Each structure stands twice: as structure tokens, then as C-alpha cells.
Amino acid sequence: MSAVDAVPVSSDATIQRIDARFAALRASGRKGLIPFVTAGDPLPEATVAIMHALVEGGADLIELGVPYSDPVADGPVIQHASERAIARGVGIEAILAAVRTFRERDAHTPVVLMGYLNPIEIYGYPRFAAEAVAAGVDGVLVVDVPVEESDTLAPLTDAGLRQVFLVAPTTTDARLAAIRARARGFVYYVSFAGITGADRLDVSAVGTRVAHIQQGGSIPVAVGFGVRDAATAVAVAAAADAVVIGSALVAHLADAPDADTAARRARDFLAPIRSALDGVRTP
Amino acid sequence: MNEPITVSDYHAYPDAHGRFADFGGVYMPETLMPPLEELTAAYLAMREDPAFLAEFERDLKYYVGRPSPIYHAERLSQKIGGAQILLKREDLNHTGAHKINNTIGQALVARRMGKRRIIAETGAGQHGVATATVCARFGLDCIVYMGAVDIERQKINVYRMKLLGAEVVPVTSGSKTLKDALNEAMRDWVTNVADTFYIIGTVAGPHPYPMMVRDFNAVVGREARAQMLEQFGRLPDVLTACVGGGSNAIGLFHAFLNDRDVAIVGAEAAGDGIDTGRHAASLAAGRKGVLHGNRTYVICDDHGQITETHSISAGLDYPGVGPEHAFLKDSGRARYEGVTDDEALAAFHELARTEGILAALESSHAVAQAMKLARELPKDKLILCNLSGRGDKDVHTIAAREGISL
């Protein structure tokens, strides 16, 4: 058996899902739409239904938030969503189970887990890597793992998971080069210095920065923080490969009384943004 | 990860990445990485700059009142009947604790970097008061984040900060205590990164903070080492200090780390007892994890969620600990033991009655540890205990605990 044959099938599928999705977006000139929801919120049993509804509403990739007790980069909306999920006992095991169930009906939509390091550290890196790949997770965005510490996640990337890096308005060119050298899948540009859900979006500054990031290579750029509706999504999409929308969506789902309502709200929230984005084409 | 660490020079840490062997590092969101790089470069230059060091030492002498004496607690030692207990009197500093050593240093760094807006987190309020103090001294804006629960139980310190011109912002997220105040200060910093300097109050946080805060507090151990040789003609046999985040402890320990014959014992808050789960003993009872920018020992559940801690002393009520202490534990250079609320209170009273010193509840943990060690050691042994702060701030807490209304 050759070395190539020894690579797990799911690892191949991982590489295909994120890269294939961005390749398809570029080929068709469409802009990617990436919703973020906190796993287990508003109800643990709603997560899989919400994920399918997001795809029906036009999601190209799903960011699933792993709740954490001390989310230093998050504003009150995502803090509270995390607190609710933690109070209901949602941890990595339950989240991987949700992704596994989601994959039974959706083999193509990439799923990226977004959160902080300590829950993964405590779960154990080799165990997390193996189980996440097996469940059908495609990548991780660990907010408190900058490029300097990215070796920490080597067991995950070795198993085929993509490590998605953040780029910020404060990122220097030297840092950007180091990030580009390691980035696979896509990079996530944080549109302003601040926390998630804040109202500080400056569209023209984002355009300049994203163009600068894209100069260095072909890595797709998704832009998040401050995108809250169709208008802001369209404004940001002009410069980017994809837009991420998180806090506004999480807030919209927060008081849904049951899984069906949460799923319907997720679909109804995303669909008009999808339509608006489809009016923006890459030349 | 569990290989024993062999160390030839304890003063060679951290490395250029801010690592103390397996511990420390820079686990922070990207937005804050460039300012942390900028701070690291600026501070590494300043710590070699004679003009900066002279400015720092001048303020330590004329504003803080250093050096603080070493006091031989003879009556306490006699009563115990074992080794001699010596107290490094950080309680005699301006503002009543070691905290001012660090806030002076960081305020000087901030001023040289041209940052005029200072933020800080505080638990018991001691670091908040020390920060508000130096901001008044240097004419800097000061915003202090403090958990809503802590604001309620530390009203006097809240008012002291306001008298000094600081704005105190209540934090209502999470457990509404010190760790959440730290989270909120980080959120402020990430939002106002261009003009803001974050004065972290302990040897935790991302690199360069564990190194920088240690350096500013290391004056305690440098002084103490020289004072021991001068007053007693030799080094102590044992050092002890209380450990929450661990800044007063590392301050005392650091100068002695390469003196391998000097034993080092840290006293952590065991609260109601480590076996009850209601404690703050990250080193004695926690596990390796990542919190507030560094890898260290943390108190968390099986999902990796940081859990609430308990101690009668708000200054020790923190679910992490400075990474250098984690390193000293794993390398075997220091050991860390739990002291319960009751043991700390008993030590508080014993010291008050035998020596006429009201120790802070935090420092009372170190005194309790020193008393335990004294009982086990012969009379000719010397135990140097860091009396990191004075107890005036705790009078209400102690009275309430004993059912007395003032």
C-alpha cells in the first residue's frame, strides 16, 4: 500500500470541501455566505436543524461556535449564547455528534468549528483531531491561537483539518506574510479592531485591507465582524470572497422556543442576504 | 509533556517566545498580537536602559518607600517553638501592598510608549487602587474593570479608586468576578488598541506580561537576598508566599531561584478545602490548560470551561496562575500547598496578637504556611515569608465572617 493510500478518506474529503467550495464560488463569480451560530444555542436539539436550514437559506460554509466560558473576543450576544449552551451541558462531544448527524444528509457543505483553545486542549489534541475528521468537520478557527502558537494545532492539521487564521486591521505586513505561509482554506479578516457584534464597520477601510491581503496570493478572504444584514453584507462582499454573519443571526435565534422555529428563523434570516449577495458578482 | 524539566539557569526564562518550558506563550486573538509585539520590543529595550531603570528605582525609593524591611517575628516564632519566621514587609509600601511595584513600572512603560489611556482589571481592588494611584501620579486616564460581585464585597476599595480619579466599570458577564474583569479589560483593549495600555496586575496574561510583571516585582527578592546576608549573614532555608496569580510570590522567589539550597513553598488558597471543590488552588488541584493568553495550570471542568473558584481572599480567587509558577512546580524547584480559609484566618489572628501586624487575608495564607513549616523545622532554621499586603481592607470581611457588625 502506498503512502497516498494510507491517507484517510475523510482527510481527502476535508481538503475537497473547503477548497472545492471556494473554487466553485470563484468559478461562478458568486460571493460566499458564511453564517456563524453557537452550537447548542438556543437549544441543543436545534443545532442540526439550524445547520440544514442555513444551507437551505443559502449558506456556502457553516461556522459552528464551540461555547467557552471566557470568550475575550466576543461581544455580549455571543457571550450569552455561549453561557446558555454551557448551562445546557454542550461540549465538544455533543458538537461533534451534531456534525456527524448533519453529515448524514449533507456531504458537501464545509463546517468549521470556531472557538477558543482550552476546550480542545482539555479534550486532547489527537482525540479531537481523529473524532472531528471522522464526524465530518473540515476546519477549525481557534481565536486565541495566533500564527506564533499554531504548532499547538499540528495534530489537527496533520489529520487534515484546515486551520483558519484571523487577519486584523492591526496585522503588520510581516505578520501577514507569516499567516499567508501557513494559511489553508481561507483567511478570516476581522473588519475592525473590536469584539463581535460591535457597530464599527468601515466598508472603505475593509476594501483597502482585503485588496492588500489578496495581493500576496490566491488564498480566499472571508470578512466578518459588523456584518448584520443584506446591506452590510453586500457592501463588504464587493471586496471579499465571502462574508461572515454571526451576532445578528445568533441574536435572531436566541429566544426561539423550539428547534422548528429556530430553523425557520435561520432560513428566513439568511435567504434575503443570499439574494442580495447574488446581485454582487466578481468581475 | 510530563518529562521532568532539567534547568541549569532559572534566570534564563522565559525564552524569546515567552515560554517557560511548556508554559506561557502568547495565546491571543490576532488583533492584539501586533500591540503585544510592540510592547515586547519596547519593554525589552527599556529593561536594558539605565535611564528607565533609574526612573523606576527613584519612584520605588521616594514614592513607594522602598526598601521594605525584613522583620524577625520573634514572639510568633517563640510561640510556635520551631524555626524562625522572618517577614518581608511589603505591607509597608505606599498603598499597602506589593502591587505598586508593578503599576509604577508599567505606568512608566506606558508613558514612554505615548499611551495615555490606562485600563486595568481588579479582584479585591488592590491592583485597581495601585493602578489608580500611579495614574494620578503620572496624570494618565484610568479605567478599572471590576466584577459586579467584587464591587459589592469591596466597597471601600471602589471608593478609594474613585477618590484617586479612576472610573470603575462594573462587569456583569460570567461569574462577575476577577476572571470576567480580565475578559472585559481584554475586550476594551481589543477595541481601543491604538491609544490604550493595559496594566495587568499579576504574572499571568500573554507574553510579555508574565516576564514584565515579574521583573517589576523582583525588587522584593533582590532586596530580601541582600538584607538576609546583611542582617543574618546567610540566605534563608525556606521562602514562602501566597499564590493567586502569583506576582508577590515570583517577586520574592525570583532572586533565589538559582540558590538551590533555599527551599521554595507557595501557599495557594484551598478555600473550604481542596476536597470540597470550593478552592482556588490551580497548581495543587488544577490541570494544564490555556487561560488569558498563556498555558498554565487552570481550574476547569471536563469540557474545558473555566469554573468558579472560592477563597475568603478575593486577591487569590483566580482560576489560573502565572506560567512561571507552573514551570517551577513541574521542574520541582518549588512546591505549592493549599491553605484553607480557616487556617488563613487563624494565622491572621495569631500574627495580630503576637506581633501587632494586621496582614491582608491573601498574605495570611503565606503566614499560615510559614507557621506550618516552622512547626516542622528546628529553631536555627530561617523561614522568609512575604507579607505582601496589609489587612486594613479586610477588617469588614473578617468581622462579617465572625458575626460581628461594625
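In which strand of chain B is the place of B:R117? B:R117 lies in strand 5 (residues 117-122) of chain B, strands being DSSP runs of E of at least two residues and helices runs of H or I of at least four, numbered from the N terminus. This is a predicted model, in which local features need pLDDT of at least 70, side-chain atom pairs count only at pLDDT 80 or more, and totals for chains, interfaces and linings use all residues. Residues are numbered from 1 along each chain as its sequence is written, chains are lettered from A and ligands numbered from 1 in the order in which they are written, and side-chain values use heavy atoms, with hydrogens and water left out.

**Interface of chains A and B**

- In contact (heavy atoms within 4.5 Å) are 37 residues of chain B and 40 residues of chain A.
- About 3,000 Å² is buried between the two chains, 51% of it from carbon and sulfur atoms; this is the accessible area (1.4 Å probe) that two parts lose on being put together, summed over both.
- B:E30, B:R187 and B:Q305 supply 22% of the area that chain B buries against chain A, more than any other three residues.

**Salt bridges**

- Five salt bridges cross the interface, each defined by a side-chain nitrogen of Lys or Arg within 4 Å of a carboxyl oxygen of Asp or Glu.
- A:R175 forms a salt bridge with B:E37, with the closest N and O atoms 2.7 Å apart.

**Surroundings of B:R117**

- B:R117 is buried, at a relative accessible area of 19%, buried meaning under 20% (1.4 Å probe, protein chains only).
- Residues touched by B:R117 include B:D141, B:D188 and B:T196.

Conventions:
Buried means under 20% relative accessible area, exposed over 50%, partly exposed in between (1.4 Å probe, protein chains only). Lists of a residue's contacts leave out its neighbours within four places in sequence.
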